[in-house]
Amino acid sequence: MPHLLHIDSSIRGEQSVSRRLTARAAASWRAAHPGGTVTYRNFGTEPLPHLDEAGAQARLLPADQHTPEQRRSWALTEELVAEVKRADTVLLGLPLYNYGAPSSVKTWVDLLIAPGLSYDPATGAGLLGDRELIVLASRGGGYGAGTPREGWDHAEPWLPHGLSQTGMRPRFIAAELTLAPVVPAMAELVSLHQESLAAAERAIDELWVSAGAAA
Ligand SMILES: Cc1cc2nc3c(=O)[nH]c(=O)nc-3n(C[C@H](O)[C@H](O)[C@H](O)COP(=O)(O)O)c2cc1C
């Protein structure tokens with residue numbers, strides 16, 4: 001039975017553009033995978049606890065030597081890794097906040113990286129690579145080549161590096177300039193935003209077209 005792990009991380013509730021995009025992608029995935037099942041997480045309303053000292057120590061010690069705090073942290077990592085392993089497809093909403101990824105996404109990545117669970121400590125091989133990871137990114141500004149803040153988006157360039165140990169390789173679909181419709185000073189960028197959003201929606205609609213036709 002195909003399985004989807006759908007994660008949102010926007011803190012903007014119903015206003016969220018990335019949530020709108022992940023919802024569209026999840027609907028498209030369900031249509032292409034009738035009978036498929038879905039696990040949903042919303043880090044915007046239910047963030048994970050940070051990787052702390054107990055979690056770091058848990059990664060260095062055999063499980064039978066864990067303190068209760070280390071056991072709790074390790075159990076959460078086991079749960080998060082199992083969620084990913086169960087999924088054929090992972091959908092992740094990735095807003096840009098203060099020029100970086102939401103701290104909740106950083107925490108998810110920190111918790112996922114664990115020897116013996118998400119990578120083989122003997123070989124360094126990632127153990128989560130055998131699935132697709134589709135990232136729906138949204139950002140208020142524009143960061144393309146030649147723009148004044150080219151290079152200031154540290155969310156999209158970071159994620160492939162952050163996850164590299166696990167073997168997961170994200171494919172990005174992004175909507176830019178999402179603040180243009182609400183910030184008067186960006187009014188002249190509204191049409192560029194609309195083009196970016198429409199292109200993102202088209203890319204989402206094409207994701208599982210062949211899977212749906214084959215089903
Ligand atoms: C706390 C916060 C920080 C933000 N920082 C940035 C930023 O650094 N650069 C930017 O282009 N947009 C920034 N924005 C705008 C968001 O990127 C924009 O609203 C985008 O649509 C966020 O995705 P979401 O709608 O799914 O939440 C910020 C928004 C919030 C709420």
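Select R72 to begin: at 57% relative accessibility the residue is exposed (over 50%, with buried meaning under 20% and partly exposed in between; 1.4 Å probe, protein chains only). The side chains of R72 and E69 form a salt bridge at 3.9 Å, N to O (a side-chain nitrogen of Lys or Arg within 4 Å of a carboxyl oxygen of Asp or Glu). Both residues sit in helix α3 (residues 68-86), three residues apart, so about one helical turn separates them. Helices here are DSSP runs of H or I with at least four residues, numbered from the N terminus.

The model is predicted: local features need pLDDT of at least 70, side-chain atom pairs count only at pLDDT 80 or more, and totals for chains, interfaces and linings use all residues. Residues are numbered from 1 along each chain as its sequence is written, and side-chain values use heavy atoms, with hydrogens and water left out.

Next, select R24 and E201. Their side chains meet in a salt bridge, 3.9 Å from N to O. R24 belongs to helix α1 (residues 17-32) and E201 to helix α6 (residues 190-205), so this pair ties together parts 177 residues apart in sequence. R24 is partly exposed, at 32% relative accessibility, whereas E201 is buried at 15%.

Then select E14 and R19, whose side chains form a salt bridge of 3.2 Å, N to O. E14 is exposed, with a relative accessible area of 71%.

How many salt bridges does a search of the whole structure find? The search finds eleven.

Technical notes: Helices (H or I, at least four residues) and strands (E, at least two) are DSSP runs, numbered from the N terminus.
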